Amino acid sequence: MRKPTMADVARHAGVSLKTVSRVVNQEPHVSASVQQRVHAAISALGFRRNEAASRLARGATMLTIGLIMENISNEFYSRLAAAVEAAAGEHEALVVFGSYEERPERERMLIESMYGRGVDSLIIVPSAADHGWLAEHPGLTTVFVDRVPAGLDRADVVALDDVRGGLMATEHLLARGHRRIALISDDDELSSVHDRAAGYRSALRAAGVPVDESLVVRGVFDPWRAGHEVTRLLSQPDPPTAFFATNNRAAIGILQALRERPERPAYVGFDDFALADVFNPGVTVVRYDVRRLARSAVDLLLGSAPEPRLVRVPVELVARGSGELPPP
């Protein structure tokens, strides 16, 4: 979302940019009537001076960027946070973090709290909730990462090529002879999860394999629940011979479920994670460059453009053994 600038205020008030600067900085020698016009324009446009940028221009302190994520304890988000911090550091910017832990009301509280404290440049991994309320804060500059926000017609977004990732993972399992491939997924209302599942379905259809909805699991947020669903599916009379996990938590849940079972189904995860290549077999994953994801988000946030931008970060499949197991 593009925030109004002092130039916008100047045009709206019919004064010079220098005059707006004087009013905003409370400098003398500006008539009361002009001040009134400028303040009226500021109110109408929702202009908010970027205090951090102003202080930076004076050499006083650093620009501050807010990063709001689902849960920083998840490896994906901790890696994203480190990468955003490194990319922001190249612009001499400081990053502050917040986690909303699957609670949209906490996500909104974090956004409004940061904004109220002068942090008006935010990178957000959005929840599945409607984000139309952000229109109430025209002075806020946002870039959304990993997911497309619901309820916003205009938004800068940096996302993965999720459809391609789901397609690649499923095609990989199909090429090994699997026809009963289960999907273990998160909230399907999240654009990333929806798109990965769309890639899964597209690959099955292209191979002439019907989508068996009894093998599709949605709404799995933690490894324990994923492991429970894997155990349930493997206990069916006609169990799946392979799994596609749409996030790292689901992949870890598959690993946990298989520890005590004799079956050795194939599986592919989306998101790489620590120790994925240590297991026997190693975990085959769809991975991507988190640093590129973060750098693209920071560049969009600190740049400007008249139209909203969508950046797609490519993905690749890394074969380590688990995705190459044949069906029994």
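## Strand pairing around strand 8

In this predicted model, strand 6 (residues 181-184) and strand 8 run parallel and are joined by four bridges. Within this pairing, A182 stands opposite F243 of strand 8.

Strand 8 is also joined to strand 9 (residues 266-270), again by four bridges and in parallel. Here A245 has G269 of strand 9 as its bridge partner. Between strand 8 and strand 9 the chain passes through helix 10, and this β-α-β crossover is right-handed.

## Side chains of strand 8

Which residues of strand 8 (residues 242-245) point one way, and which the other? A242 and F244 point one way, while F243 and A245 point the other way.

## The cavity

The count of cavities of 30 Å³ or more comes to one. The largest cavity holds about 160 Å³ of space. Its lining consists of 18 residues, and those closest to the cavity centre are D146, R196, N247, R249 and D271. By class, the lining of the largest cavity has seven charged, six nonpolar and five polar residues.

Three helices each supply at least two residues of this lining: helix 5 (75-89), helix 8 (191-206) and helix 10 (248-258). Helix 8 gives the most, with three residues. Why does the largest cavity lie between domain 2 and domain 3? Both domain 2 (51-160 + 291-312) and domain 3 (162-288) give residues to the lining of the largest cavity, so the cavity lies between them.

## The second largest pocket

Helix 10, the helix of the crossover from strand 8 to strand 9, also takes part in the second largest pocket, where five lining residues come from this helix, the largest share. The space in the second largest pocket is about 250 Å³.

The pocket is lined by 16 residues. Nearest the pocket centre lie L255, Q256, R259, Y267 and F279. The lining of the second largest pocket divides into twelve nonpolar, two polar and two charged residues.

Terms used. Residues are numbered from 1 along each chain as its sequence is written. This is a predicted model: local features need pLDDT of at least 70, side-chain atom pairs count only at pLDDT 80 or more; totals for chains, interfaces and linings use all residues. Side-chain values use heavy atoms; hydrogens and water are left out. On a 1 Å grid over the protein atoms alone, a cavity is a set of points where a 1.4 Å probe fits but cannot get out, and a pocket is an open set with protein on both sides within 12 Å along at least five of seven lines; lining residues have an atom within 4 Å of a point. Grid points are joined across faces, edges and corners, and a volume is the space filled by probe spheres set on the points. Ala, Val, Leu, Ile, Met, Phe, Trp, Tyr, Cys and Pro count as nonpolar, Asp, Glu, Lys and Arg as charged, and the others, Gly among them, as polar. Domain bounds come from an automatic or database domain assignment. Buried means under 20% relative accessible area, exposed over 50%, partly exposed in between (1.4 Å probe, protein chains only). Two strands pair if DSSP finds at least two bridges between them. A crossover is right-handed if, with the strands pointing away from the viewer, the path from the first strand over the helix to the second runs clockwise.
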